[in-house]
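I opened this notebook to record what I looked up in one structure. The entries are set down by topic.

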Amino acid sequence: MAFQKPPGTQDFLPGAVEKWQFVERVARDICRRFNFREIRTPMFEMTELYKRGVGETTDIVEKEMYTFTDRGDRSLTLRPEGTAGAVRAYVENKLYGEPDLTKLYYIGPMFRYERQQAGRYRQFHQFGVEALGAVDPALDAEVIALGYAFYAEVGLKDVRVEINSVGTPAVRAVFREKLLGFLEPMRDTLCKDCQARMDRNPLRVLDCKTDQHRFAEAPSILDSLDEECRTHFESLKQHLTGMNIPFTVNPRLVRGLDYYTHTAFEYKAEGIGAIDTVGGGGRYNGLVADIGGPDQPGVGLGLGLERTVMLLESQGAELENLHQVEVYLVGLGEAAERETTRLLQGLRMRGIAAERDYQGRKMKAQMKSADRLRVRFTAILGDDELQRGEIALKNMATGEQTFVALDALADAIRGS
Ligand code: ATP
Ligand code: MG
């Protein structure tokens with residue numbers, strides 16, 4: 001029996017993978033401009049890190065982790081998100097000791113044991129950033145702007161930014177009671193998950209995919225904010241406005257992870273079934289200390305790349321020809337074919353993407369290969385041309401054919 005990939009995973013084959021490379025290229029270039037530096041952390045961490053760093057009452061820790069015991073009897077978990085690992089590395093490597101802010105980004109696979117549906121996988125990919133070391137709301141705005149620029153530059157249309165303040169733990173303790181006052185009368189009619197969340201982490205009820213529509217009249221956390229939280233939130237809004245980032249305030253926006261303080265935000269777009277969130281993030285002033293580091297604040301985001309690529313496809317974005325072979329070399333006759341090897345190497349070393357036939361096929365079959373590759377040029381070398389030191393160069397768009405000197409082939413392709 002042939003093997004199949006595990007449920008919830010994907011193979012990205014040539015033809016599709018170029019879209020991923022493109023999206024990743026945009027992410028890296030944006031990080032360069034915003035001065036975020038890449039960090040690569042392990043694909044698995046000690047399980048305890050996620051229990052502490054993500055939160056015991058989150059969906060991730062309660063039911064989505066890939067946890068296993070290794071041969072040394074350690075409990076390890078495939079990373080379900082990127083922040084805990086990045087912050088662990090920040091603390092372990094004492095990056096907080098540097099005079100400047102620490103601005104990190106990562107791109108890579110995450111693992112969650114989830115029910116499969118459109119836009120939800122068990123191995124998926126995130127582009128994330130973390131900025132550690134400052135409480136300035138201008139930094140929250142910068143992170144939101146970075147994500148917004150990412151979506152704009154990959155070519156996604158109609159991405160909305162929603163923001164909220166989830167306050168501080170003290171604010172949430174007050175709000176929690178008000179929220180429970182609202183929820184208690186409807187407890188029996190809420191889904192099982194919500195009922196459990198009411199006891200463990202009532203704010204998360206607002207995040208429920210089933211019952212969300214019933215909470216329009218729920219108290220707003222914005223009414224519970226203290227002076228410090230209000231000031232932070234107002235300042236964030238001013239920065240976003242100044243940066244020309246359109247946003248709406250959604251007082252019912254809470255994030256799946258427990259560690260957020262002050263700012264929470266999401267990017268939303270329609271087009272993947274029931275799912276409308278493509279990415280999100282927030283400020284986490286308690287997290288670094290929670291996992292045993294110094295009391296350093298942070299703010300970050302995590303954007304799902306599967307959802308980004310799916311939306312690009314559903315919006316019919318132009319992502320053609322991301323893999324462009326420029327020239328197909330055809331050698332006719334023994335001497336010419338030998339020369340092809342040398343020419344091909346020369347072109348490639350000059351930075352030109354070039355291909356040839358290795359299956360001894362007739363000219364016609366080779367021309368079909370050239371068509372399939374959608375090359376810009378075909379270069380045809382027969383023994384006659386070889387003797388004259390020339391090669392026929394055919395422009396596939398115009399059909400025009402010229403003869404160029406063998407040494408001038410790369411220049412002719414470059415110059416056109
Ligand atoms: P959701 O509410 O959709 O489960 P979440 O709150 O669990 O999302 P985060 O942990 O904030 O999501 O992750 C940030 C982004 O990562 C999401 O907006 C989404 O684009 C992506 N993401 C999260 N889980 C998955 C998954 N199982 N498959 C694909 N993408 C995912
Ligand atoms: Mg989730």
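Predicted model: local features only at pLDDT ≥ 70, side-chain atom pairs only at ≥ 80, totals over all residues.

Residues are numbered from 1 along each chain as its sequence is written, chains are lettered from A and ligands numbered from 1 in the order in which they are written, and side-chain values use heavy atoms, with hydrogens and water left out.

I looked up the domains, whose bounds come from an automatic or database domain assignment. Domain 1 comprises 17-167 + 225-314, and domain 2 comprises 327-414. Their C-alpha centres lie 48 Å apart.

I turned to helix α10, residues 305-314. Helices here are DSSP runs (H or I, at least four residues), numbered from the N terminus, and strands are E runs of at least two. Of the 10 residues of α10, 7 are buried (under 20% relative accessible area, with exposed over 50% and partly exposed in between; 1.4 Å probe, protein chains only). Among them are L305, V309 and L312.

I then examined helix α11, residues 334-349, which has 16 residues. Its buried residues are A336, E339, T340, L343, L344 and L347. G351 follows α11 with a positive phi, near 90°.

Last, I checked M43, which is in the loop between β1 (37-38) and β2 (44-46). M43 is partly exposed, with a relative accessible area of 37%.

Methods. Expected span 1.5 Å × (residues − 1).
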